[in-house]
Each structure stands twice: as structure tokens, then as C-alpha cells.
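Below is a short report on one protein model.

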Amino acid sequence: MDNTTTIGEENVVLTGEEKMGGYISKLVFNNGLEISIKENDIVVFVGPNNAGKSQSLKDIYELCDSKKTTTVVKDIEIIKRSGSITDFLDTVSTVDDHGGYKNYSGLGYNIASHTISNYRTNKYFGSTRPLFVTYLDTLKRLTISNPAPLITRKAAKSNPIHYAAFDRTYRKWLSDNFKKAFGKEIIPHTLNGGNIPLCIGDAVKFENEFSDEQERQEAYAEVLDTYKQVQSQGDGIKSFTGILLYLMIDYYCTFLIDEPESFLHPPQANIMGRIIGQTLQEKQQAFISTHSEEVIKGLLDVCPGRVKIVRITREEDSNNFSVLENDRFNEIWNDPLLKYSNIMSSLFHKEVVLCESDSDCKMYSIIDNNIKQSEGMYSETLFVHCGGKHRMAKIIKALLSLNICVKLVPDIDVLNDETVFKGIIEAFGIDWDSVKSSYNTIVSNLHSPKEKIVRNDVCTNVNRICEKSNNQFLSSNELKEIRGTISVISKWDAIKKGGVSALPAGDATVAFKNMNNILKDVGIFIVPVGELECFVKEVGGHGPEWTNSVLETFPDLQNEVYDEIKEFVRMICS
């Protein structure tokens with residue numbers, strides 16, 4: 001059996017059987033919902049405060065021991081791997097033989113041999129839980145980086161620091177990953193005396209010769225004595241280090257990590273997400289509770305196919321659960337425009353309004369915030385740009401699957417592409433047949449006899465114009481006449497600039513009103529003036545420059561030029 005696994009770029013010999021233990025294969029929530037879990041899944045719990053994210057981790061940890069009364073996660077299923085549990089314990093533990101039974105002690109556990117006799121028949125891990133499952137709450141992360149007791153090199157390791165202190169590969173992995181976030185090495189000080197603190201500083205290198213090894217070690221210890229130690233640093237460094245120390249332990253099968261972003265700045269939270277995703281092996285899984293889009297982005301940057309999102313919401317005493325599976329998240333994350341948008345923030349907001357462009361989001365968000373402030377409230381709405389109409393349906397489906405309140409604000413020319421519009425309609429759960437008749441009526445009234453140009457007609461007309469004169473260069477009138485022969489006349493241009501009021505009177509207007517009522521009921525709000533820029537026609541331009549020009553020209557948001565757009569935003573964010 002190959003007992004090696006990769007940590008960083010190097011191979012580490014596993015302590016004991018290759019990935020002994022097992023993995024959680026199913027979660028059963030308190031509302032009866034069941035979700036299947038793969039042995040390498042990274043399950044991320046998101047949602048508002050007090051919804052049950054952290055409690056879910058506590059419940060899972062309790063249930064890994066035995067069937068208990070829990071709050072959010074009602075039960076779990078565990079699939080155990082083959083191998084001898086006693087042989088595994090012999091390799092990672094200090095073993096005390098008491099004649100009739102053995103006592104195994106090690107990193108966070110003290111197990112008597114007679115308590116593991118039913119290991120194979122027990123549905124849960126029982127007393128062996130500390131061998132395979134680690135629960136990293138904030139307190140545990142902050143305290144584990146305290147100096148570890150000094151042990152001999154061959155003694156069983158009772159603290160994660162011992163792995164880094166006596167094995168170069170673990171030590172290098174720990175230091176390299178710490179350096180990604182803080183720019184310094186982390187070094188176990190094994191020459192400190194009665195304990196082993198973790199020191200922060202540059203790698204110690206000597207150029208001069210020493211008379212013997214003892215002298216070199218003394219010089220090395222003197223340098224480390226001048227370095228800062230992790231336990232004396234801020235909570236951000238201690239928490240970050242605490243997670244790293246447990247991620248090193250390669251025999252863990254399941255990691256439960258509560259808010260890994262705690263005390264960290266956003267860039268460091270992103271780095272932590274990446275480290276978790278890069279470190280977990282194919283037979284290791286994790287359950288993470290987080291409020292941080294940066295942690296999620298870090299995970300998705302390195303292992304999007306492993307991430308499963310579970311969004312938990314709570315109404316009074318009832319929990320609701322929505323799941324975004326690995327393949328759906330992977331699909332979104334492979335779109336570069338969406339990857340670098342703020343779509344991940346959707347997971348943490350009360351409602352999300354999808355717009356076509358970033359400039360749309362900026363203006364609508366400013367107006368929404370102004371309205372809420374005037375009412376003595378704060379906005380809980382996130383405006384997200386989709387990078388164009390053709391991405392809208394994909395994002396809508398993903399967010400609705402997580403039970404996020406989603407609204408859409410497309411320009412009126414979204415009606416000009418039946419495939420795109422139908423995709424949006426169906427993503428919101430509307431039966432296309434319920435709006436098809438109205439849609440066809442609108443579109444049929446917007447056709448123009450010159451929407452397409454016949455090639456032969458263009459050739460004939462251009463030749464006729466060119467043959468009128470023998471001059472070497474075309475005159476301005478001739479150029480204007482040629483442009484007229486190839487120009488396309490589309491009523492959609494007028495609709496884009498004039499909005500609903502530019503629709504032909506009669507059937508088209510009636511059909512739009514009927515269809516628009518259906519759209520608004522599900523959260524689709526077509527811009528009534530055509531496009532954003534038509535709300536304030538006092539300022540010309542388009543896109544980000546237009547938005548900036550409007551705000552510079554009319555800095556007082558109480559100005560009447562904003563009345564129409566405010567009415568529209570109130571309808572969306574009511």
C-alpha cells in the first residue's frame with residue numbers, strides 16, 4: 001500500500017493506514033431535508049446571523065460521536081473505510097498497556113481499547129471521533145498556538161506544533177503558508193527550554209563557521225530568542241496559525257471550521273480560503289461556516305468543483321435550507337466576468353437586484369441608499385451586474401436555488417432577443433406560454449421593412465452613386481447617400497430611447513401592460529423609460545461616464561431630476 005500523500009510540493013509518510021476512518025456521506029436537517037456529501041466535498045454554510053450556521057457545525061461534531069438531540073442538523077450518515085483501528089492507534093498514540101486493556105493517548109484524545117470493540121458496527125465514530133474529526137471553533141484556534149510542551153523526538157505528538165517541530169516537511173508547509181498571509185516565516189523554537197513556542201521572523205542562516213554543532217545551536221537559539229512569538233500577537237495571527245496547525249494533520253478526514261475569516265482582513269481571508277482548498281486531499285472533506293465572500297472566492301479559485309453551498313435562513317423557530325451543488329457553482333465561476341463581480345456577496349444579503357452593467361448598479365444603489373436614509377433605514381439590497389443580458393438566466397437560476405430573493409432590472413430591449421428573454425422568463429419559473437401571445441404581439445408591431453439589407457440592392461445603388469461622377473474622391477453628399485443605402489431602420493432604437501411610451505398605440509401597448517404585470521409579480525422590472533440614461537435626459541452620454549456626470553451636475557439627490565428614477569427604485573426595493 002502506498003502510504004504517502006502530498007503536502008505542498010513534498011511527500012509525507014502517513015502515520016498509519018492510508019486515510020483510515022471514514023467520511024460523512026449525508027446530512028439530515030431538522031426540516032427533513034437530506035443532502036448527500038462526497039468524501040472530498042467542501043460544504044460551506046452561509047446565511048444571516050442567528051440562522052444556524054455555527055450550530056450546524058456543533059451538531060455535526062456531536063453526531064460524529066453518537067446519536068444525540070441536536071438543533072439544526074438532525075442526523076448524519078458516516079461511511080467508514082477499511083483497515084484496523086487498533087493498528088492505526090498504535091502508530092499515532094502513546095500506548096499504555098494495562099494488561100487487560102490498552103490506553104491510547106495523543107492529539108486531543110485518550111481512548112481505552114475496550115471502548116472501540118464495536119467500532120465497525122457503530123453507526124458513528126464514538127470514542128474514535130478525535131482521530132478523524134476536528135472542530136475548529138474560534139477559542140480552539142486562538143489557544144492552540146500557545147507554546148506546546150517539550151517532548152522527545154520519538155514521543156507521540158500531543159500538539160500540532162510537535163509535527164512542525166520534529167518534521168521538516170510539516171515545518172516548511174506551515175511556514176510557507178503563514179508567509180503567504182503575513183510575509184514572514186514561522187519557526188518552532190525547539191531550543192527554548194520547557195516548551196516550544198512558534199516564532200515569527202526571517203529564516204535563520206549563518207555564513208560563519210562554528211567550532212561545533214553545540215555552538216551553532218546556541219547561536220540559532222539566540223536569534224530565535226529575539227523574534228516575536230505567535231501567542232503574543234493579535235487574534236488574527238493566532239486564529240490563522242491555529243487553522244494551519246490543524247490542516248497539517250493528515251490523518252483527519254473531516255474538518256469543521258467555524259468562521260475562518262475571524263479577525264482577518266479580506267485579503268488574508270481570501271488566502272485562508274485558498275489554503276484550505278489547496279491543502280485538503282481527495283479523501284478529506286470540510287464543513288465551513290462563514291460570513292465572508294473572500295473565503296468562498298479563495299476556495300473557488302483553487303477547487304470550484306469541490307464546493308457545495310448550503311444557505312440557511314430562519315423564520316421564527318423554523319430553519320430553511322437551500323443547496324447550490326458543485327456543478328452549478330463551477331459553471332458560474334468559469335465565467336470570467338462573473339468571477340470578478342460581486343456576485344458572491346449575494347449569499348449574505350436580504351435581496352439581490354441584477355442589472356445589466358456596473359454603471360446601472362452604481363446609480364440604482366445610490367438612489368436606493370438615499371431613499372432608505374431619508375426613511376431612517378439602511379438598505380439591505382445588493383445590486384449585482386451580470387455583464388450583459390445573456391448571463392442573466394444563469395445567475396438567476398443559481399441564486400434562486402439558494403432561496404435568495406432575486407429581482408431583475410433589464411433595459412426594455414431585452415425583448416429584442418426571444419432566446420434571451422425566454423431564458424430569463426423560465427429561470428424565474430414563468431411558463432413561457434403564459435406570456436408568449438403578448439410577447440409576439442409586441443414584437444410583431446416593432447418590425448420595420450428595412451431591418452435587413454439585400455446584397456444586390458446595395459451593389460446596384462453604390463455603383464449608381466459612384467458612376468455619377470469621375471472625381472477621384474467621393475463627395476460628402478455621395479458618402480451620405482451611400483450610408484443611407486446601407487443603414488438599417490429599427491423601431492427598437494426608438495423603443496430603447498423612449499421606453500414604454502414609444503410603443504405603438506393599440507395592441508402592442510395593451511400586450512406590454514398585460515405581460516409586464518406578470519413580470520413584476522415575480523421580480524422582473526423592465527426599465528419603463530427604455531434604459532437607465534433616459535431617467536435623466538438633462539445629461540448626455542452613456543455608461544459610467546454618464547453616471548458620474550449626472551452626480552456631478554446634480555449632487556443634491558433631492559433634486560427633482562431624480563423623481564422618476566426614485567419612483568422606479570421604490571417599486572423594485574419595496
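## Confidence

pLDDT is the predictor's confidence in each residue, on a scale from 0 to 100. The model shown here is predicted. Its average pLDDT is 89. A score of at least 70 is reached by 94% of the residues.

Residues 1-17 fall below 50 in pLDDT. This stretch still has 40 contacts in the model beyond near neighbours in sequence. Where pLDDT is low, the predicted coordinates should not be read in detail.

## The six-stranded sheet

An open sheet is built from 6 strands. The order is E10-E16-E17-E5-E18-E19, and the pairing is mixed. E10 and E19 (318-324) are the edge strands. Each has a single partner strand, so one side of each lacks a neighbour in the sheet. On average, neighbouring strands are turned by 15 degrees against each other, direction ignored.

Two pairings can be followed at residue level. E10 (residues 133-136) and E16 (residues 254-258) run parallel and are joined by 4 bridges. Val133 has Thr254 of E16 as its bridge partner. E5 (residues 42-46) and E17 (residues 285-289) also run parallel, again with 4 bridges. Here Phe45 is bridged to Ser289 of E17.

## Edge strand E10

E10 stands at an edge of the sheet, yet both of its faces are covered. Val133 and Tyr135 lie on one side, and Thr134 and Leu136 lie on the other. These four residues are all buried.

## Helices H8 and H9

H8 (residues 235-247) packs with H9 (residues 266-279) at an angle of about 5 degrees. Their axes are 11 Å apart. Angles under 35 degrees count as roughly parallel, so H8 is roughly parallel to H9.

H8 contributes Phe240, Ile243, Leu244 and Leu247 to the contact. H9 contributes Gln268, Ile271, Met272, Ile275, Ile276 and Thr279. By class, the contact has 8 nonpolar and 2 polar residues, with no charged ones.

## Helices H13 and H21

H13 (residues 358-374) and H21 (residues 543-553) cross at roughly 25 degrees. Their axes come within 8 Å. This pair is therefore roughly parallel too.

On the H13 side, the contact is made by Ser359, Lys362, Met363 and Ile366. On the H21 side, Gly543, Pro544, Trp546, Thr547, Asn548, Val550 and Leu551 take part. The contact of H13 with H21 divides into 6 nonpolar, 4 polar and 1 charged.

Note on methods:
Residues numbered from 1 in each chain as written. Predicted model: local features only at pLDDT ≥ 70, side-chain atom pairs only at ≥ 80, totals over all residues. Heavy atoms only, no water. Contact = heavy atoms within 4.5 Å. Axes fitted to C-alpha atoms, helices over the stretch in contact; angles between N-to-C directions. Helix = DSSP H or I, 4+ residues; strand = E, 2+ residues; numbered from the N terminus. Parallel < 35°, antiparallel > 145°, perpendicular 65-115°, else oblique. Nonpolar A, V, L, I, M, F, W, Y, C, P; charged D, E, K, R; others polar. Buried < 20%, exposed > 50% of the residue type's maximum accessible area, 1.4 Å probe, protein only. Pairing = 2+ DSSP bridges.
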